[in-house]
Amino acid sequence: MKMTKGQSGGYTCYSLRGHTGRVVGLVYLQGNSSQNPDLWNSCPTVCSASTDGTVRAWNIQNGTLLWCSPTQSPLTEIVCDELHEVVITADSTGVIKTWQSQTGQEEASFSTASPHCTLLQYNINNDWFLTVGTSQGSVCTLADSTLTKKSSIMVCDTFKVNILLVSPDKKWIVAGTKDNSDLSPKVIYTESLTHPSEGEDPLCQSVPVTGCQAAVFIPTQPARLAIIYHSQHSNNKALTVFDVSIKKTKYKSEIQVQQVESFPLTLNTWSPNILLEARDSNCLVLAADKELWVYSLKGALLASFKEHTMPISSICLDSFRVVTASQDLSLRVMIWKNDGDHGLTLESRYHLLGGSHTMSRGFTHVACNYSSIVASTEGKDGKDVLKAYSFTS
């Protein structure tokens, strides 16, 4: 209720200071799992990674630092594993490290020699995997807490892999680049990466679009993929939805990528940074520049918002709400509503402000759980600060 209203007195806000560089990402540990809503009253911990070379873990309910990793090369990426027990980072020299989320103890490291890494962690049955996209265009897969290398394949030669997704059924990895308008993203059979057969090429298929700018799997379907790309026909952007499956014959297996829906996007903005998220089987949320749109899978525009005065830098969403973070130093909180006749729609509720423009340039990242929102602000002195909003009962 308090998060729905956002009234003063309904939440506390802490400024979490300590990083001496840019924050490159933040992740929730405890209390974030939407699969376990009963965890919402546990004390949430958030980890942040920075160009100052440290990972810091924070108790966001009282604003205290829980642990800080030893300083290393500037960090470039942070994710946590599905069970929220391990934090995974990459640094500017290509070293991947895993950290025990409770203590900050380093568990393992692996060098990719890539200055830019995109990280994707997933579990299959009880096996733990980490697939890494490199700036040379390859995808490398590591296994277990020891980070043992299983495979490496080239996806987009010389262009960095900055699109990396796993399907909800864990059978497919999508890898591609946003940096070349002539290349297509690839769908790879996960088993080809996690358990490669000697002498056999990985099972891999190009998605029949080029110039991919954003992609997301639909969370309620086994392997339904939505992609935004630059459409050659209209010189604008289009969104196409594909189903991925496998066709097995006596002698070979083939990946099938079949188009389900496709529609043009009339984004009256040229934005290099397009953000795309999926809520359920029929709801896509898309942000570019200062605007946010909600589309059905068939291309019906369900809602649109233009409530920020500067570009949206990050969004997070769950089944309850959407939070947008903007360079205008505000967060916008929107709540999903089921409107009997018209189905699902999004209702804008309130702003949360991030402080003073004399100190900060704007919000850069945002994450949320059932009872809190955490976002990073870009400090004008080069020292980024986290803002933690806790909606306490």
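Mentor: Let's begin with a definition: a salt bridge is a side-chain nitrogen of Lys or Arg within 4 Å of a carboxyl oxygen of Asp or Glu. Keep in mind that this is a predicted model.

Trainee: What makes R321 and D318 a salt bridge?

Mentor: Their side chains meet with N to O at 2.8 Å. The cut-off is 4 Å, so the pair of R321 and D318 qualifies.

Trainee: Why is R321 called buried?

Mentor: Buried means under 20% relative accessible area. R321 has 0% relative accessibility, so R321 counts as buried.

Trainee: And why does D318 count as buried?

Mentor: D318 has a relative accessibility of 14%. The limit is under 20%, so D318 is buried as well.

Trainee: How many salt bridges are there by this rule?

Mentor: The count comes to 12. One of them joins D280 and R279, again with 2.8 Å from N to O. Another links R22 with E378, where the closest N and O atoms are 3.5 Å apart.

Trainee: What does the pair of R22 and E378 tie together?

Mentor: R22 sits in the loop between β1 (12–16) and β2 (23–28), while E378 belongs to strand β31 (residues 372–379), so the bridge connects parts that are 356 residues apart in sequence.

Trainee: Why are R22 and E378 called partly exposed?

Mentor: Partly exposed lies between the two limits, under 20% for buried and over 50% for exposed. R22 has a relative accessible area of 24%, so R22 is partly exposed. E378 has 22%, so E378 is partly exposed too.

Trainee: Which residues do salt bridges that share partners join into one network?

Mentor: That network consists of R22, R361, E378 and D384.

Trainee: Where are D144 and D289 placed?

Mentor: D144 is in the loop between β12 (138–143) and β13 (148–154), and D289 is in the loop between β23 (283–288) and β24 (291–295). D144 is partly exposed at 39% relative accessible area, and D289 is partly exposed at 26%.

Trainee: Which residues does S181 touch, leaving out those up to four places away in sequence?

Mentor: S181 touches T210, G211 and Q232. The C-alpha atoms of S181 and T210 are separated by 5.9 Å, although the two residues are 29 residues apart along the chain. S181 lies in the loop between β15 (172–176) and β16 (186–189).

Trainee: Why is S181 called partly exposed?

Mentor: Exposed would need over 50%. S181 has 45% relative accessibility, so S181 counts as partly exposed.

Terms used: Residues are numbered from 1 along each chain as its sequence is written. This is a predicted model: local features need pLDDT of at least 70, side-chain atom pairs count only at pLDDT 80 or more; totals for chains, interfaces and linings use all residues. Side-chain values use heavy atoms; hydrogens and water are left out. Helices (H or I, at least four residues) and strands (E, at least two) are DSSP runs, numbered from the N terminus. Buried means under 20% relative accessible area, exposed over 50%, partly exposed in between (1.4 Å probe, protein chains only). Contact means heavy atoms within 4.5 Å.
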